[in-house]
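Work through the exercises below with the sequence and the coordinates at hand. Each task is followed by a solution in steps.

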Amino acid sequence: MKPHLAPVEVPDPAALGQVQRLCDLAEPYATGPGTDALFAAAMAEANAWHARRSPFFAALLEDPAEAPAPTVGDGIRTPLVPAAFFKRHEVLSIPRDEVFLHLTSSGTTGQKSQMFFDEWTIRSAQRMVARIFDHYGWITPEQPVNYLLYSYEPAPALKLGTSFTDNYLCDFAPARHTTHALRHTGTGHEFDVHGCIAALRRYAEDDVPVRILGFPAFLYFTLERMRAMGLPPLTLPEGSLVVLGGGWKGHADRQIGKDTFYAEVTDSLGIPAERVRDTFGSVEHCVPYVECAHHRLHVPVWSRAAVRDTGTLRPLPYGDRGFLHLVSPYITSVPAHSVLMGDLASLHPGEGCPCPLSTDWFTVHGRAGVSRNRSCAVAAAELMKGMS
């Protein structure tokens with residue numbers, strides 16, 4: 001068995017048996033009445049688990065019931081906890097001495113979500129990522145690759161979720177060489193665009209695939225600088241892959257459409273569009289959402305999604321825009337198994353995508369409103385000031 005897919009055991013098998021069964025499902029996009037029933041049962045266990053261990057969540061369950069999310073299951077409570085709540089409050093369902101990992105959501109300044117994980121929770125989330133990468137054939141232990149990481153270079157005391165995730169993704173193929181776009185200076189991080197360009201040119205002459213991971217805006221600014229310098233397009237080796245995440249927050253005024261962006265990656269680096277994928281995730285909800293070859297963010301079997309009206313918070317039908325509501329019973333360390341994101345999104349049925357997957361998928365349309373809260377991408381984008 002590949003080590004990333006090795007079994008992981010819930011903290012209490014008697015109390016969380018259905019959660020274990022759900023998270024053990026190997027096919028990341030399985031559907032059907034059986035998986036729906038298992039998901040509902042696992043959510044019921046998660047509700048009971050957090051209600052016994054978190055006075056905060058127990059109080060939520062005493063409030064009038066929220067309008068049920070139609071994708072979760074009849075009679076299953078999903079109290080709405082805004083992701084922004086975790087920027088101001090530390091709420092745990094485990095003793096602090098059982099915290100295995102502590103991650104934050106933002107950069108060097110600004111409000112940060114403080115998320116705490118027991119070993120089951122973070123290992124379970126990592127296994128979800130591994131199952132999706134395995135589904136697409138992206139775990140290649142025999143094939144070394146060169147990495148260009150558009151994320152933060154590791155540094156002492158760095159707890160950013162994005163850095164943790166991108167470094168974990170490097171475990172799926174052995175590294176011949178790694179370049180970080182955001183270099184640690186001793187007092188912070190700086191975007192090294194010329195280092196990125198030099199790495200791409202060097203990697204284009206190598207005989208192994210390249211994997212580009214991280215913030216899309218950094219990759220865009222690199223390609224833009226290459227054009228400004230009059231450099232010719234590159235052809236990265238066959239099998240190269242781009243997996244992006246973090247969005248364009250902080251540079252939304254310069255964001256280009258995905259189709260245009262992916263075409264630029266193909267034209268500039270020779271990587272076909274079907275091997276350029278965006279992702280969605282957050283430190284408050286670590287379930288991975290990875291685009292299919294047609295660039296739809298399908299919902300994996302371990303979670304469910306809904307979209308809620310920005311005024312009433314009632315669930316909306318397919319196609320309507322509202323707050324993205326993400327639900328998964330995998331997390332046992334913090335009552336974050338039903339999170340209302342600050343993103344505007346629309347939900348769509350699986351048959352609306354031409355790929356073989358049949359699970360629902362969603363489109364993220366941007367952040368709702370204007371806030372002083374800053375994400376990793378916002379903090380990272382500030383490092384690009386003066387680049388344009």
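**Exercise 1. A helix pair**

How are α6 and α7 oriented to each other: roughly parallel, roughly antiparallel, roughly perpendicular or oblique?

Solution. The model is a predicted one. Begin with the axes: those of helix α6 (residues 193-204) and helix α7 (residues 216-228) come within 10 Å and cross at roughly 80°. Angles of 65 to 115 degrees count as roughly perpendicular. Therefore α6 and α7 are roughly perpendicular to each other. Next, list the residues that make the contact. From α6 they are Val-193, His-194, Cys-196, Ile-197 and Leu-200, and from α7 they are Phe-221, Thr-222, Arg-225 and Met-226. Sorted by class, the residues of this contact comprise 6 nonpolar, 2 polar and 1 charged.

**Exercise 2. The chain as a whole**

How many helices and strands are there in the protein chain, and what percentage of its residues count as buried?

Solution. The protein chain holds 9 helices and 15 strands. It has 388 residues, of which 54% count as buried. Last, take the contacts between residues at least 6 apart in sequence; 71% of them join residues at least 24 apart.

**Exercise 3. Two helix lengths**

What span should helix α4 have at 1.5 Å a residue, and how far apart are its end C-alpha atoms? Repeat the check for helix α2.

Solution. Helix α4 (residues 119-135) has 17 residues, so at 1.5 Å a residue it should span 24 Å. Its end C-alpha atoms lie 24 Å apart, in agreement. As for cover, 13 of the 17 residues of α4 are buried. Just after α4, Gly-137 takes a positive phi of about 75°.

Helix α2 (residues 33-53) has 21 residues and should therefore span 30 Å; its end C-alpha atoms are 31 Å apart, which agrees. The buried residues of α2 include Leu-38, Phe-39, Met-43, Glu-45, Trp-49 and His-50. The elements covering the buried residues of α2 include α1 (17-23), α3 (55-62), β12 (304-308) and β13 (321-327).

**Exercise 4. Phe-116**

Is Phe-116 buried or exposed, and which residues does Phe-116 touch?

Solution. Locate Phe-116 first: it lies in strand β3 (residues 114-117). The relative accessible area of Phe-116 is 6%, so Phe-116 is buried. Leaving out residues up to four places away in sequence, Phe-116 touches Glu-90, Leu-92, Arg-96, Val-99, Leu-101, His-102, Ser-333 and Val-334. For one of these, Leu-101, the separation along the chain is 15 residues, and its C-alpha atom is 6.0 Å from that of Phe-116.

Technical notes
Residues numbered from 1 in each chain as written. Predicted model: local features only at pLDDT ≥ 70, side-chain atom pairs only at ≥ 80, totals over all residues. Heavy atoms only, no water. Axes fitted to C-alpha atoms, helices over the stretch in contact; angles between N-to-C directions. Helix = DSSP H or I, 4+ residues; strand = E, 2+ residues; numbered from the N terminus. Parallel < 35°, antiparallel > 145°, perpendicular 65-115°, else oblique. Contact = heavy atoms within 4.5 Å. Nonpolar A, V, L, I, M, F, W, Y, C, P; charged D, E, K, R; others polar. Buried < 20%, exposed > 50% of the residue type's maximum accessible area, 1.4 Å probe, protein only. Expected span 1.5 Å × (residues − 1).
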